[in-house]
Amino acid sequence: MAVSSRLSGDDKELVIRIDERFDFSLHQQFRDTYNSITIRDLTYTLDLSQTEYMDSSALGMILLLKDHVELYAGKLIISRPSETVRKILEIAQFQRLMTIE
Amino acid sequence: MSHMKNTMYLSCVLSLLIWVNYFFIHQEIIFVLLFSVLFILLVVLTSQISKFISSSIEPKNGDTMSVVDNELIHSVIFELQQFIHQEVTIVENELQRTKVIVSDAVTGISDSFKHLQSLSEDQQQMIKLLISHSSSMGDDNNSSLDSFVTDSNKTLDDFVGVIINTSKQSLETMIYTDEMVIQFDSIFKLLSQVEGLASQTNLLALNAAIEAARAGEAGRGFAVVANEVRNLSVGSTELNEDIRTEINKAKEIIAKLRNSVEIMASADMTSTLEAKDKMSVMMSHVEQVNIQTTTSVEELAIIAPQITNAVSLGVRSLQFEDLTRQSLESLQVNVSSLHEISDVLATFDKQPNIAIHQQLIKLKETCQQVYRETQQAEDSRSVKQLNMDEGEIDLF
């Protein structure tokens, strides 16, 4: 499955993991991972370590995720992006909007 | 000569006799006699000697010797005059030639220095112009390549922002569309219920028609109503089908809409990445060019006054021409002094009738006069002569 998610046992962290391609075809799956979660003060970690390609719709999806996170006063962290993906995130100036580690 | 010798011998004999008398005889009369004779002899001898000397000297300073010496002096003086005249003329000509050469050369060098300076100024102007042209794009907003690249970079960032925002909006649109599709599906469910109702109504109408037929004449009116109800149920089923068809069409359109939205949302970022990389390279390049330009301008600002200084130094050094000319002119004065002496020497030959003594005195006086004049000229010249470095003359 291109998108996988795992909620930690203490309900503190939701890890969303994306496979090689992060594009429009994943939008429904991606949305489904977080749309039903309404826990407050949750840390959303987007694991992009396996992601090699990302287009603008992925950036749009991340922004929608961010809107959702802010709605429930959570925190968004993008984890271990590859060099190419990191460049795209920097062009989009996402480092200003969220933590990239 | 023999007289003198005899007289001298006689004097000696007399002296001997006097001594003999003095030592041995002691006769006073003999002593007086001998002494008187000796005295007379000595007087005669003296007169003889003076005569001899005057006669031996006079023939040596005679007319023949005097003529030979004058001729020699004249010829020597003539040769000397010829020699001095020739040498002095050569020196004079060389002086004149040197003067002309130095003057021409200095004029040429001075012109070339002035030309060099004006060329350097032109070059400076052109470089300034070039720099101002290259740094500004020539419009009124004083925009430079630097700010152009910065603006472009900002535009690119804005563009990226627009793309991402569009993607986000498209995805939201997609979410609404999906919700709308769900709504359509529930409309289909409702339509199915409506269809069920219509078919039940149809069955009921059919049953009513059968019952009306069984009632015979009395149910005739009811049969008409049942038939109408049945028609209505058929019409309603047809309407349902129409609605389903229309909604299916709408679903097809929504599928197309999803494709459009997908295309709208999915912009490939690769070209943007490349553009961004190029922009970064461009930025650093522009920065480098700016630094180089600034450095060059600073270097030029240093070099320009150095050229001016060098040219000024060269022009100042050209004052050596003035000093050289003064030296040459004073040398010409010295040469003309030599000419004066030479002219006096020339009179020895032209006027042989004038006594050599007078001519020599005139030569001596002329020499003294020329010597004094030269001395004065030398004194005043050493006052005039300046050190070249002290002259702060700027020709420009």
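**Salt bridges in chain B**

In this predicted model, B:Asp157 and B:Lys276 pair up through their side chains in a salt bridge, with 2.6 Å from N to O. What about exposure to the surroundings? B:Lys276 has a relative accessible area of 17%, so this residue counts as buried, the cut-off being under 20%.

A search of the whole structure turns up 18 salt bridges over all chains. Another of these joins the side chains of B:Lys99 and B:Glu329, at 3.8 Å from N to O. Here, too, distant parts of the chain are linked, with B:Lys99 in helix α3 (residues 63–135) of chain B and B:Glu329 in helix α7 (residues 320–350) of chain B, 230 residues apart. B:Glu329 is partly exposed, its relative accessible area being 32%.

Then there is the pair within one helix. The side chains of B:Arg214 and B:Glu211 form a salt bridge of 3.6 Å, N to O, and both residues lie in helix α4 of chain B, three residues apart, or about one turn of the helix. B:Arg214 reaches 64% relative accessibility and therefore counts as exposed, whereas B:Glu211, at 43%, is partly exposed. Some salt bridges also share partners: B:Lys99, B:Asp322, B:Arg325 and B:Glu329 are joined this way into one network. As for why such contacts turn up, side chains of opposite charge can pair when their charged atoms come close.

Technical notes
Residues numbered from 1 in each chain as written. Chains lettered and ligands numbered in written order. Predicted model: local features only at pLDDT ≥ 70, side-chain atom pairs only at ≥ 80, totals over all residues. Heavy atoms only, no water. Salt bridge = Lys/Arg side-chain N within 4 Å of Asp/Glu carboxyl O. Helix = DSSP H or I, 4+ residues; strand = E, 2+ residues; numbered from the N terminus. Buried < 20%, exposed > 50% of the residue type's maximum accessible area, 1.4 Å probe, protein only.
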